[in-house]
Every structure is written in C-alpha cells, then in structure tokens.
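Here are my notes for your first look at this one. Have the sequence and the structure open side by side as you read.

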Amino acid sequence: MTDPIADYLTRLRNAIMAKHRVVEVPASNLKKEITKILFEKGYILNYKFIEDGPQGSIKIALKYDSITKQNAIKSLQRVSTPGLRQYAGYKDMPRVINGLGIAILSTSKGVMTDKEAAEQKIGGEVLAYVY
C-alpha cells in the first residue's frame with residue numbers, strides 16, 4: 001500500500017456511504033492521531049484502539065443525526081499525496097469552507113488542525129480536509 005492515509009479516509013468514506021455504524025481500519029500512530037482529532041472536533045461518535053497482533057486496529061463509531069440520518073462528515077478529502085506533497089506555512093494556512101471545516105496538518109509538533117497550527121505559528125504538511 002503506497003498511501004495508508006488515503007486508504008484510511010476511503011474506508012471512512014465508504015462506511016459513511018453504506019450507512020454503517022462502525023468501521024474498522026488498520027492502526028498506525030498517524031491514523032490514531034487523526035482519529036483523535038476527528039473525535040475532538042465532533043466528526044465521529046467514539047473510537048477504540050485494539051491491540052491485536054503486530055499492527056492492531058482502530059474501531060470508529062460514526063456519528064449520525066438522529067432526525068435526518070445525515071452523517072456529521074460531509075466530505076473527507078486527501079490533499080498531500082506521496083507523489084505530490086502539499087505544505088503550508090502558518091501565514092498561508094488553508095481555510096476549509098471559509099472556516100467551517102478543518103484541515104489536518106502534520107507538523108513538527110505533531111498532528112493538529114489548521115487553527116491550532118496557526119495559533120502556535122507553525123506550518124506543516126496538509127494531510128486532509130474534513131467538513
């Protein structure tokens with residue numbers, strides 16, 4: 001597999017389109033950090049790290065609106081790919097849906113959102129847009 005982050009986002013996207021409640025993805029430290037950000041920002045209901053075997057997995061409970069049955073995540077978009085890395089400095093941080101969505105960045109101080117990186121005045125690789 002050449003791009004595990006794209007695979008992670010595709011598994012989430014497919015589970016949302018199929019209206020699944022829970023999706024299980026192979027774990028890595030970067031995927032765990034992205035999952036924590038999605039939970040903190042309210043895009044997923046819950047998550048659980050399962051340590052079985054050398055790699056482990058992440059179980060993610062997806063969040064749906066009780067009335068309209070719409071998912072909290074409208075779009076998951078991969079930005080930086082292994083063939084074309086996308087970087088942003090803190091002054092030219094991308095704005096997703098005019099500030100309503102989040103951009104997930106990999107910085108020298110860990111994985112964080114665009115707003116957190118701008119507050120700390122650090123840039124990094126733009127991994128994904130979520131709204």
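1. Ground rules first. This is a predicted model, in which local features need pLDDT of at least 70 and side-chain atom pairs count only at pLDDT 80 or more, while totals for chains, interfaces and linings use all residues. Numbering starts from 1 along each chain as its sequence is written, and side-chain values use heavy atoms, with hydrogens and water left out.

2. Start with strand E1, residues 22-26.

3. Pairing here takes at least two DSSP bridges between two strands. Look for Ala61 in E3 opposite Val22.

4. Now find E6, residues 102-107, where five of the six residues are buried. E6 runs antiparallel to E8 (residues 124-130), joined by six bridges, and Leu105 sits opposite Val126 in E8. E6 pairs with E7 (residues 110-113) as well, again antiparallel, over four bridges. A hairpin of two residues links E6 to E7, and Thr107 faces Gly110 in E7.

5. Which residues touch the most other members of the largest nonpolar core? They are Leu38, Ile60 and Ile104, in a core of 26 residues. (A nonpolar core is a set of buried Ala, Val, Leu, Ile, Met, Phe, Trp, Tyr and Cys residues joined through side-chain atoms within 4.5 Å.) Helix H1 (4-17), E1, helix H2 (29-40), E3, E6 and E8 each give two or more residues to this core, and H1 gives the most, with six.

6. Take a closer look at Leu38. Setting aside neighbours within four places in sequence, Leu38 is in contact (heavy atoms within 4.5 Å) with Tyr8, Leu12, Tyr43, Ile44, Ile104 and Val130. A second, separate core has 10 residues, among them Val79, Ala88, Met93 and Val96.

7. Finally, Leu100. You'll find Leu100 in the loop between E5 (87-88) and E6, and Leu100 counts as exposed because its relative accessibility is 69%.

Notes: Buried means under 20% relative accessible area, exposed over 50%, partly exposed in between (1.4 Å probe, protein chains only).
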